[in-house]
Amino acid sequence: MDLTALRQEYMRAGLHESDLAPDPFTQFGSWFDEALRSGIALPNAMTLATATRGGRPSARTVLLKGFDASGFVFYTHYRSRKGREIEENPHAMLLFLWRELERQVGIEGRVAQVSAAESDGYFASRPLGSRLSAIISPQSERVVSREVLEQALEEASKRWRNEPPRPQHWGGYRLVPERFEFWQGRQDRLHDRLCYLKAEGTWKIERLAP
């Protein structure tokens, strides 16, 4: 297979400074609403990139579970690889790819745990199987076999039935943005890249070369 021949021209739209809202959260909300209305699968899927204290990176896809002017929220196991890396190095990046809209949004900032009450509320809203899995899974750790996990899930189901408590090792994180980049694909690879940078408490917009 000749991968060099895999190409796609970007023709849907452009992005001009005059199109942007002054506030990046408002702009993100507008693009996110468009992604929802477009019917694309999992519009809240985002790549979360973290790094160790020494700078060794890792990335994975997680789901956005809430956002407002205070930041972007996702949930996971606190002792997973990403949880350990966030504890060592709280700087992280989120990347949304809405391929059908020829758009990407990158968001950089610092990450901190949400409150226990917020984690409790979201945990209670999850399907029962997801709550039980959060209790028994030693995320990112080696396991002997899938059967070990399935047995642990069965035992947890018998123990907790329909009311499993949120485990202390599982909960939410909030990324508080310091930088946004909105990317719109354009013809001839002359893409539009517009950034919001936080400076002295205000957001400034600048254009980057593609």
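A salt bridge is counted here where a side-chain nitrogen of Lys or Arg lies within 4 Å of a carboxyl oxygen of Asp or Glu. The structure is a predicted model, in which local features need pLDDT of at least 70 and side-chain atom pairs count only at pLDDT 80 or more, while totals for chains, interfaces and linings use all residues. Residues are numbered from 1 along each chain as its sequence is written, and side-chain values use heavy atoms, with hydrogens and water left out.

**View 1. Salt bridge between glutamate 118 and arginine 174.** The closest N and O atoms of glutamate 118 and arginine 174 are 2.8 Å apart, and the two residues form a salt bridge. Glutamate 118 belongs to helix α3 (residues 116-125) and arginine 174 to strand β7 (residues 170-184), so the pair ties together parts that are 56 residues apart in sequence. Helices (H or I, at least four residues) and strands (E, at least two) are DSSP runs, numbered from the N terminus. Arginine 174 is buried, at a relative accessible area of 18%, whereas glutamate 118 is partly exposed at 30%. Buried denotes under 20% relative accessible area, exposed over 50%, and partly exposed the range in between (1.4 Å probe, protein chains only).

**View 2. Salt bridge between glutamate 85 and arginine 60.** The side chains of glutamate 85 and arginine 60 meet in a salt bridge with an N to O distance of 4.0 Å. Since glutamate 85 is part of helix α2 (residues 81-88) and arginine 60 is part of strand β2, the pair ties together parts that are 25 residues apart in sequence. Both glutamate 85 and arginine 60 are buried.

View 3. Helix α5 (residues 146-160) comprises 15 residues. From its first C-alpha to its last, α5 reaches 21 Å, close to the 21 Å expected at 1.5 Å a residue; the expected span is 1.5 Å times one less than the number of residues. Within α5, glutamate 154 and lysine 158 are four residues apart, about one turn of the helix. An α-helix has 3.6 residues a turn, so residues three or four places apart point the same way. The side chains of glutamate 154 and lysine 158 form a salt bridge at 3.4 Å, N to O. Glutamate 154 is partly exposed, with a relative accessible area of 40%, and lysine 158 is exposed, with 58%. Arginine 161 follows α5 and has a positive phi, near 50°.

**View 4. Strand β1 and its two partners.** Strand β1 (residues 45-51) is mostly covered, with five of its seven residues buried. β1 pairs with strand β2 (residues 57-63) in the antiparallel sense over seven bridges, two strands being paired if DSSP finds at least two bridges between them. Threonine 47 has threonine 61 of β2 as its bridge partner. In the hairpin of β1 and β2, five residues lie between the strands, and glycine 55 takes a positive phi near 95°. β1 is also joined by three bridges to strand β5 (residues 91-98), and these two strands run antiparallel. The bridge partner of alanine 49 in β5 is methionine 93.

**View 5. Nonpolar surface patch of Met1, Leu3 and Leu6.** Met1, Leu3 and Leu6 form a nonpolar patch on the surface, with about 440 Å² of accessible area together. Such patches are made of residues with over 30% relative accessible area and no salt bridge; like charges are joined within 9 Å, and nonpolar side chains (Val, Leu, Ile, Met, Phe, Trp, Tyr) within 5 Å. Accessible areas come from the Shrake-Rupley method with a 1.4 Å probe, and for residues only the protein chains shown count as cover. Leucine 6 is placed in the segment before α1 (24-38) and is exposed, with a relative accessible area of 61%.

**View 6. Valine 144 in its loop.** Valine 144 lies in the loop between α4 (128-136) and α5. Valine 144 is exposed, with a relative accessible area of 80%. The C-alpha atoms of valine 144 and tryptophan 98 are separated by 37 Å, the two residues being 46 residues apart along the chain.

**View 7. Salt-bridge network and chain context.** A network of salt bridges links Glu17, Arg186, Asp192 and Arg207. The chain has five helices and nine strands, and of its 210 residues 40% count as buried.
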